[in-house]
Every structure is written in structure tokens, then in C-alpha cells.
Amino acid sequence: MTDLPSHTAALPIERPLQRPRNADLHCHSVVSDGTLTPEALAARAKANGVELWALTDHDEIGGQARALAAAHAHGMQYLTGVEISVTFIGHTVHIVGLGFDVDNPALVQGLRATRGGRTQRAREMAEGLARVGIAGAFEGALPFVGNPDLISRTHFARFLVESGVCKDTPEVFRKYLTEGKPGFVEHRWATLKDAVTWITGAGGVAVVAHPARYKFTPNEEYALFTEFKGFGGQGVEVVTGSHSAAEYVSYAHTAREFGLAASRGSDFHSPTDSHTELGTLPLLSSELTPVWELLQHRIQ
Ligand code: AMP
Ligand code: MN
Ligand code: MN
Ligand code: MN
């Protein structure tokens, strides 16, 4: 046995440099309001160089087993995912959950309760649209719905574009489906506390999705992050298809200010109506703690 030179023992143990990874931890399949199957999404993610992937359907984890199998078939690593609809101070906020146990009873039951009421809401949306002369929107949206438990505004938007009422999805939301517009229906989703607790109770990490989308005042945003963190939330989406380059910088600052890990996800929904492609956004800045560093033991 050769003795090591004595000075070797004194060398500091270096942390291996983290190579930035092409992780895409936010997208939607036909199981919610995307247009591609989990398998087609996996193939598309792989083709774009994604190494670590999560499918995050709205309020629904029915696609997770297929997504995991497809990720492995393409040699990608996988984190379980979901995007939970929350009502916070009267507004809808989305909380992404990553790396949870899909069989956790409280999570499964909580998501079921959150999905409940979507069909009634959709009927009321159609009534609102009928009052401004757009008849048959409920029946019109149905052919676009992949999961009968999960009728969303996106399905109405696809119908209104297809039928020529609007030229594109942003126009539908602007004119018909946002607060104060004829097809908008107030809806009570999960509480922030419940959503975070379901995720963390199932062994996962909770992440505030696309914070810039909420157009909160600085005080409202401070309240969101403070309460989120107080309930056990640990992450924030910094690089997302919903953020501008300036917002990558401002939410990197938020991540550091609140001691949150950073996530990256395209929020890809469809090859035709998504402006952001899977796996193509800028990588996270190396100054941030990537959320997957907290989830090493949950990567499949
Ligand atoms: P819902 O959960 O039924 O309220 O639908 C929310 C979904 O609508 C979001 O996840 C997006 O996919 C889509 N959405 C919301 N706002 C807009 C917008 N301004 N433009 C395009 N899509 C939007
Ligand atoms: Mn969506
Ligand atoms: Mn969202
Ligand atoms: Mn989303």
C-alpha cells in the first residue's frame, strides 16, 4: 500500500461544480389542458435536450405513471409533478408540486376536491358567453377536453378560436375569460396552506408558479411569499415561459430574498398555442439553488 503524501489530507474537500442542467419542470398534457399525450411530450422534451423532466397537469396526477415510463424510455430523469389551483386574497395563484409520492392519500383526495366543481363552473362560463351572443360554448369546448374531470378555460379558448370568434388564445382571454369579462366565473380553489401541505406531506417540494403572472402589488407579493414560506413552501419559478428576461432577474432576487430554491419550466401546452417550447428557455443562473438540488432523493 502506498502512503498518500501527507499534504493530501489537508486539501479541502471540494464540492463538485454543479453543471447547469436542462430541467423542464412545468408542462401540460391531455390529462389537463395540453394537447399532447404524456408520451408525445416526453419525446418532444428529449428531442430538445431535456435531462430532467416533470409533467405538471392542473390539479391532476392521472398522467404521472405514463410520464415516468416515457421519461425512462427516453433516458430522461423524472420528478413527479402537479400544478395546483389556489385562491389567495381573492385571486388565482398556481402552486407547482414536485417530487411527491403519487399515492399519498391526502394529496390524492385534496386534488380530487380541487377538481370538483370544474364542470359546474364550465356550465356557468357557457351561460355568461351565451348572454353576449356566443351560444353552445359548453358543448363546443367538450371535444377539446381530454379528461372529463378537467374542463378548463383553455378548452373554451380553443373552441372560440376554432369557431372564428377570436383570432387567437390571448384575444379570447382578454375579451372573454378574465376577471370582469363575460365568460369569467369566480371560483374558489384550494387554500395556499392546503396546497403546500398536500405537497410537502407527500414528500415533495412546493414551488410558486410564474409569480409575475399575478400582477400583485409589492405588498401582495410579499404576503404571498411570506405565507407560502411559513406553510413550508421552498421554491419559486424564476425561468418560466410566462416571464420576461427582466423578470428572470427580479425573481432570482426574490428567490434569494426569501431563501427559496429556483425552478425552471416552459409551461408548454401545445405546439400551436404555446409560445414557449419544452426545454429551450435559458438555464438557471449558477448563483441560484436549483429546486432539484432539494429533490435528489426523489428523482426517478
Ligand atoms: P383554468 O384552470 O380553467 O382557470 O385555466 C387556466 C389556464 O388557462 C392556464 O393554465 C393557462 O393554460 C390558460 N390561460 C390563463 N390565462 C391565459 C392567457 N391570458 N392567455 C392564454 N392562456 C391563458
Ligand atoms: Mn394551463
Ligand atoms: Mn399556471
Ligand atoms: Mn401551467
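This is a predicted model: local features need pLDDT of at least 70, side-chain atom pairs count only at pLDDT 80 or more; totals for chains, interfaces and linings use all residues.
**Exercise 1.** Describe how helix 4 and helix 6 pack against each other.

*Solution.* Two packed helices are described by the angle between their axes and by the distance between those axes.

Step 1. Locate the helices: helix 4 covers residues 118-131, and helix 6 covers residues 153-162.

Step 2. State the geometry. The two axes come within 11 Å and cross at roughly 35°. The crossing of helix 4 with helix 6 is right-handed.

Step 3. Identify the residues in contact. Helix 4 contributes Arg 121, Ala 122, Met 125, Ala 126 and Leu 129, while helix 6 contributes Arg 153, Phe 156 and Leu 160.

**Exercise 2.** Determine the strand order of the open sheet and name its edge strands.

*Solution.* Strands of a sheet pair through backbone hydrogen bonds, in either a parallel or an antiparallel manner.

Step 1. Read the order of the five strands, which is 4-5-6-7-8, with mixed pairing.

Step 2. Find the strands that pair on one side only; these are strand 4 (81-88) and strand 8 (261-265), the edge strands.

Step 3. Examine one pair. Strand 6 (residues 205-208) and strand 7 (residues 235-240) run parallel and are joined by two bridges. Val 207 has Gly 235 of strand 7 as its bridge partner.

**Exercise 3.** Which strands does helix 8 touch?

*Solution.* Helix 8 (residues 192-201) packs on the sheet and touches strand 4, strand 5 (91-98) and strand 6. The direction of helix 8 makes about 160° with that of strand 4.

How values were computed: Residues are numbered from 1 along each chain as its sequence is written. Chains are lettered from A and ligands numbered from 1 in the order in which they are written. Side-chain values use heavy atoms; hydrogens and water are left out. Axes are lines fitted to C-alpha atoms, for helices over the stretch in contact, and angles run from 0 to 180 degrees between N-to-C directions. Helices (H or I, at least four residues) and strands (E, at least two) are DSSP runs, numbered from the N terminus. A crossing is left-handed if the near helix is turned anticlockwise from the far one by less than a right angle, and right-handed if clockwise. Contact means heavy atoms within 4.5 Å. Two strands pair if DSSP finds at least two bridges between them.
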